[in-house]
Amino acid sequence: MEENKNDLIKEQSAPVQTARQEKTPKKKISTALAVLLGVVFFLISFAGGFFANYFLRGKEANVAYDLVSIMERVGYIYDPKTNERREINEKDVADALVKGLLDRYAKYYTKEEYDEVIEKSKGNYQGVGVVLYDQSTKIRQVVGNSPAYHAGIKRGDVLLKGKVSSEEKTFSNNEQISDFINSYKSGTELVFEVDRGGEILQISVVKKSYVASYVTYFDNENLCDFISNSGAPSINYELSQEMNYLDDDVGYIKLNSFEGGATWQMGQALAYMEGRGKTKLILDLRDNGGGYMNVLTHIASYFIRNGNSSKSAVAIAEGKAGEEVYYTDMNRYKSFISSIVVLGDQNTASASECLIGAIKTYNENAIIVVEKDSYGVAKTFGKGIMQTTYQLLSGGAFKLTTARVVWPNSQRTCINGVGVTTQIDGVVESQQNGAILKALEKLREKA
């Protein structure tokens, strides 16, 4: 199972990520430990950098050096959970700092983990390619061009069992599925028993490396996606009846993430749509948890009408050192699109919410349809803060929340903790194609 962890502004909303609140006594101990060890961590990992300079100024320097000296001699702690002595390593110190002092988006990466983050930012993944709903065995997303994608596993499938040779595992939650997949090396054939709307299927998937794709285009006759059996995915055109209910003038594009080759893929999909003579667009950002700021600005440039300007503001980051404006790098605006409806849901987060804000800022006629969740609430995730990743001398990295992000409108809207809250009656998560049908209805009203 894949998790999107390689982002600057993406919500860590992968299925196995759950918040656990410690009991009060333990939390106090771990927080105190984090305060003590956090200083040491910063001194060691950021020597010569900002944090080291901060702690080594004035009288703080004596305290810091004393702490380093003590830790060098001691080197272990009594575990607050087991009360047993254990040695401390770099990851222990960093994790204690993150859990005790920082927000849930902060994260420490070892060198190996950060190397994997860099590879994933390029679209290079290892595994099967499915993302599950939290504490569920139901598939929320199948990663484009992944082994699961090629094997025919679909969004909404429920994974019941996994089998390798004579070994079989029954699943009751997503963590069991993740453990099952991770326990086998690349090249292993995994057989999944799948419930697809009451039909039980046996689907074989080979765990392996792949280059993810992020964009899929449909109209009422054709499909355009990006696939490859090896290497970077290339454009693929096929006849398809999967969305034959779309109107003749409507194109549909699903964008799953702001990373890898998403910019190029979006450009190709829009060019194909224009060539097909479609003038109305449904842009689907449901289940899109975000991605990188540079990919966001590139993709936003396709949808921003900015006149003769070569660049336009997409988002504004308000940080400790002031504000930083993220602009489009060029004018890619697609003027053939006469009307656009953007779809979101409870998992639409971060960069996706920024894109919604940019589209609404520059196109007042754009329509936003937010799918209701199981509680009947129609709002996106609500992540209006940004993370920046700092590489350490050790080769690892530390991701910190560094800014509040606002839309480029006159109100400087920030959706953090609020989300985009457009309420569309009748569109609920359980309705098959409900949000798309509502989008079609809205496009017809504008005709």
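User: Is C414 buried, partly exposed or exposed?

Analyst: A word on the basis first: this is a predicted model, in which local features need pLDDT of at least 70 and side-chain atom pairs count only at pLDDT 80 or more, while totals for chains, interfaces and linings use all residues. Residues are numbered from 1 along each chain as its sequence is written, and side-chain values use heavy atoms, with hydrogens and water left out. Buried means under 20% relative accessible area, exposed means over 50%, and partly exposed lies in between (1.4 Å probe, protein chains only). Because the relative accessible area of C414 is 22%, this residue is partly exposed.

User: How far away is the nearest cysteine sulfur from that of C354?

Analyst: A disulfide is a pair of cysteine sulfur atoms within 2.5 Å, and a search of the whole structure finds 0 of them. C354 is buried, since its relative accessible area is 7%. C354 is in no disulfide, and its nearest cysteine sulfur belongs to C414, at a distance of 8.9 Å.

User: Which backbone nitrogen does the side chain of N145 reach?

Analyst: N145 lies in the loop between β6 and α6 (147-151), where helices (H or I, at least four residues) and strands (E, at least two) are DSSP runs numbered from the N terminus. N145 is buried, because its relative accessible area is 3%, and among the residues that N145 touches, leaving aside those up to four places away in sequence, are H150, Y210, F226 and P233; contact here means heavy atoms within 4.5 Å. At 2.7 Å, the side chain of N145 reaches the backbone nitrogen of S228.

User: Which residues does K138 touch, not counting residues up to four places away in sequence?

Analyst: K138 sits in the loop between β5 (130-132) and β6 (139-142), and it is partly exposed because its relative accessible area is 37%. From C-alpha to C-alpha, K138 and R196 are 9.9 Å apart in space, although 58 residues separate them in sequence. With that sequence limit applied, the residues that K138 touches are L132, Y133, G156, D157 and V158.

User: What is the order of the strands in the open sheet of 7 strands?

Analyst: Two strands pair if DSSP finds at least two bridges between them, and within this sheet β12 (residues 215-218) and β15 (residues 250-255) pair in the antiparallel sense over 4 bridges. T216 stands opposite K254 in β15. The pairing of the sheet is mixed, and the order is β14-β13-β12-β15-β16-β19-β20.

Conventions: Polar contact = N/O pair within 3.5 Å; in protein donor to acceptor, adjacent residues only side chain to side chain.
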